[in-house]
Structure formats: structure tokens, C-alpha cells
Amino acid sequence: MRLSRKLTIGDVVAVARGGSPVRELDRDARERVEASRSTVVEALARPGSRIYGITTGYGSLAGTRIEASDAARLSWNLILKCAAGTGPPLSEDWVRAMLLVRANSLALGASGVRPVIIDTLVRMLNRGVTPVVPGKGSLGASGDLAPLAHMAAVATRAPEPDQGVGGGEDAAAFSGAAWFEGRRMDGASAMAAAGISRPGVQAKEGLALTNGTTMMVAGAALQLHDARRLLLHAELAAALSCEALLARSAALHPALHEANNQPGQIGTAARLRSLLAGSRLVDTDTDRVQDAYSLRCTPQVVGPVQDMVGFLWGRVEASLNAVSDNPLVFPAEGQEAGAVVSGGNFHGAGPALWLDTLGIALTDVASLSDRRVFRMLTPELSAGLPAMLVESPGLHGGLMSLQYTGAALVSDNKTLAHPDSVDSIPTSANQEDHVSMGANAARHTREILDNTRTVLAIELLSAAQAVYVRPQGPGRLGAGTRAVYDVVRECVPPVTEDRSLAEDVVRLEAAIEEGKLERAATGALGDLWPPAPL
């Protein structure tokens, strides 16, 4: 793939996780970047020029004049001072996504960097150098300063000696840390081992590399991709639970859902109908008039989340192709002179709100799943299933503790889902008096997504066990749910006596991530998956 104005979430996933190669700048992009860079050089050459972050200090120090001769040193100092992150490092795929998103943003030609900066980020992706980026420390405005500084420290180095460094030998030598070929080492060693030169930063480049919403947007791209696939598995698990609990199919009647006029709900109901087609378990409890909400209202709960993911998909893909640092550098065009414009595109309020929304929605999906598991394990609610889904309850506890685990994760999600976007702590002597906390939202939503995957794995295991203990249960499944059941059985055997189920859940989580259940259900779903974008 090449850097362009049309970078997609699929592209990000392919590069971050699949190792797809990225082409270096084409001629048009290189010309845009060079024109933007020339505007910076021309501005520096003007006597007495006062340009934020180029010939001034940063944040509350913006009133401090910096000589043009110190502009390169200022860039390196910014990387040094912002490389103050803490906590466990971000995952490799997240950091690779950050490298791609940053390179694409700089390639749009409004950041004032030299092409070599972008070329270096692309070479890091293609040759497998992944910076070690601590996950905590970003306020999400002025962008993701700390995470991006740790990345920039690997990609670049101090300016040439005649441009000054300051801070002594240690400051000049700082290169962060990186992974290369399975080994963690200092950034300079990783880049040397990969045969990549680290360019010395020049004026504006430290700011362009560290200032922007890259951590948030890269994380959001990966999480939306995963959430979309996870929602299908929520529907697969719900369908198998409907079989196990002898659900009433009337709640899936197409006219009912069309009357509510919500596309996600209509789509979820259609997929559930397709999965359950041919079932000889649903509708067999003829005394039941209607089901509990956790069964009957699955389309009304999961469907809106499908809609929301579709909406966020568009917003995040727009941000993948945006310039979010500050100031922006616009080259001369026609009769209009070039300009360096200071603003606030780095503010992560948008990504923070999007990520909070995604986390809240996934929390509800997990909560609904846990309620279905609880019903299957409870004799008074399960339409004749044995207590805890084991044939000799009492001597054996069956799946009792598995539901405890699911409940604990659902509760954890509720804490994690507290919106980070409603918080703000003023910083930088009140110059940065409102920040987004979007990086925290990105981390928390990632945890929610992982918890939700585990909860759905527990439901799949529980529903398969419930079908197993029903007389001739597997043989009475619909074609779609039978395909799902068979994959579950390939991963885990039925529970006939007490055993540790921890590894069973791990294997089902892996099946979800690898797409085994998704592929198995394809025949039943046809063109109902994936849903059309909003």
C-alpha cells in the first residue's frame, strides 16, 4: 500500500498486524512535503520571525523567543522532554499502527517536515523496527505527546553538532528503546541492525513528530476493526443460546424490526433468523408466551452497537487521513503566500468521545451475554436444563465458576467504561486548560474489548454445553448454529465432570480472534455479513 488521502482501517490492520509493505512517497506526495518544508525554511530566514514551536517555546512558554539558529535544538529538546511516558508498553500492533498513521499524516504535506522523516517511518515498518512506547502519560491534547516522543526518539537523533544539542552527551545519545527481530534493545542499535539511518531533527520536525492524535486514532482503528468482528460473534453466541434456551422465534419477525426503522437492529435480527433456520429446538416450549429481554431484545441491544460502529468507522477513517499537529504549514499556492498557521487540530476531543462511546457500547454487549449465561445455568430459568449444565450437579459444580468469571469481567467493564472524555485537568500553567484524556479512553476501551471477547467465549462454551445436555440437542440445531457448535466442539470437549475450564476459554478466544466461527457461519449468513456501512 502507499501513503495517500485514502488510508482505510483495513489498511491499518494489514500493515500493523499482517506486515503488509508500505511504499515510500510517490512523486506528488514528495513534492507536497517539499513545498511545505520550503515554507518553514523561508519563514526561518525572515529576520525576527515569530512562529509558534519553531522560533518560540512550547505551551505556556510560547511567549519566549527562540533564535532561528536554535530551532533544530528546540526540536530535539521537545522529543527529550516529552519522552516521559510510563506504564506497560503498548502492543506491537498498536505502535505499528501509530507509525503508519503518523507517516500518512506527515505525507499530506502540511507539517513542514523533510521527506526523509516520512521515509524513515516507512522503513521502520517495512524492516520491523517497533519502538517501545509506554502506554500511559498522554493527555490527548496537545495530542499524544509522550507516546509519540518515545517513537520519535527511535526514528530520529539529535541535530548535527553545529546546530547545538544541549543537555550533554546523554541527551544527544538518547534513542529510546525498540524491538527488532524479537529482541529489545536501545533504539539506535535497533535502527542500525535494520540498516536504517536516523536523520537528525531540524526545525519544526520534533513538533511534527510528537504533536497529534496518532495514538488515539491508531488505537481506535484497530479497536473498531476488532469490535465489528466481535459483534458478529455476539450474534453467533446469542443464536446458540436461543437454541439452548428454546427461545421464541416470533421476536425475530422481520416486520417487527422493520417497524422500529433501525438498520442495525434489522440486520442483527436477519442474521439471527438465518443462523436459526431449520432449528428443531426453538419454539418447542409451547407454554411460553415470550422470552426474557436477554433473548428477546438481542437485536434491539446489539443492533444499535452495529450502527454506532458503522458511524465511528467513518469518523476514524477521516482522522486517518488528517493532519493533527500544530502549527500547520501551508505552502504558497497561486497568488497566495505560504503560511504557518497555529491552531488546535491536536485536541483529541473527537477520538476521546468516539472511544468512550465504543467502550460503553461493548460493555452493554458483554452484560447481555452474561445474562444469557446466567439463565442457562439456573434451573428455574433454563427451560429444563440441569443446574450448572452438568449431569450430576452437587458432586460436580459444572460451569458455575465460569459464570463468576464472566460476571467479574462485566463488572470490570462497567468501571472501565466511565467516560474519560468528561475529565480534564489543566496543564502547562493553564495554557492547556482543557484536555481530552482520549489516550486513557483508548487504553480503557482496549481492555473492555478484551474482556468482552472473553465473556463471549464463555457464552459460546456455555451454550454449546447446554445444547449438548439436551436430548439429541446437537442434531436439532439449525444449519448455522450447528456450524458454530461444531467449531466450539473442535476447540473444547463437553463438560462431563469438573475440570479446569480456563484453557477451554483461551482456546475459544483464539477461535474468535482467528475467525474460525466467522468462517463457519458464512454459509448461513450469505450477504448479511458484513453489514453495509452507514
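A. You're looking at a predicted model, where local features need pLDDT of at least 70, side-chain atom pairs count only at pLDDT 80 or more, and totals for chains, interfaces and linings use all residues. Residues are numbered from 1 along each chain as its sequence is written, and side-chain values use heavy atoms, with hydrogens and water left out. A cavity is a set of points, on a 1 Å grid over the protein atoms alone, where a 1.4 Å probe fits but cannot get out. Its volume is the space filled by probe spheres set on the points, which are joined across faces, edges and corners. Around the largest cavity sit Cys-242, Ala-247, Arg-248, Ala-251, Leu-252, Leu-272, Leu-276, Val-282, Asp-291, Leu-295 and Arg-296, the lining residues (an atom within 4 Å of a point). Sorted by class, the lining of the largest cavity has eight nonpolar, no polar and three charged residues. Here Ala, Val, Leu, Ile, Met, Phe, Trp, Tyr, Cys and Pro are nonpolar, Asp, Glu, Lys and Arg are charged, and the others, Gly among them, are polar.

Two elements, helix 15 (349–377) and helix 17 (438–469), each give two or more residues to the lining of the second largest cavity. Helix 17 provides the largest share, with four residues. The class count for this lining is six nonpolar, four polar and two charged residues. The structure as a whole has three cavities of 30 Å³ or more.

**C. Helix 10 (residues 214–244) packs against helix 12 (residues 263–276) at an angle of about 50°, with the axes 10 Å apart.** That makes helix 10 oblique to helix 12 (under 35 degrees is roughly parallel, over 145 roughly antiparallel, 65 to 115 roughly perpendicular, the rest oblique). Axes are lines fitted to C-alpha atoms over the stretch in contact, with angles from 0 to 180 degrees between N-to-C directions. Helices are DSSP runs of H or I, at least four residues, numbered from the N terminus. The helix 10 and helix 12 crossing is right-handed, meaning the near helix is turned clockwise from the far one by less than a right angle. On the helix 10 side, look for Leu-232, Glu-235, Leu-236, Ala-238, Ala-239, Cys-242 and Glu-243; on the helix 12 side, for Thr-268, Arg-271, Leu-272, Leu-275 and Leu-276. Contact here means heavy atoms within 4.5 Å. Eight nonpolar, one polar and three charged residues make up this contact.

**D. Helix 10 also crosses helix 18 (residues 479–491), at roughly 105° and with axes that come within 10 Å.** That makes helix 10 roughly perpendicular to helix 18. Leu-236, Ala-239, Leu-240 and Glu-243 of helix 10 meet Thr-481, Val-484 and Tyr-485 of helix 18. This group splits into five nonpolar, one polar and one charged.

**E. The largest pocket has a volume of about 350 Å³.** Of its 23 lining residues, Lys-81, Cys-82, Ser-142, Leu-145 and Glu-432 are the closest to the centre. A pocket is an open set of points with protein on both sides within 12 Å along at least five of seven lines. Helix 3 (71–82) and helix 6 (145–155) are the elements giving two or more residues to the lining of the largest pocket. Helix 3 has the largest share, three residues. By class, the lining of the largest pocket has twelve nonpolar, nine polar and two charged residues.
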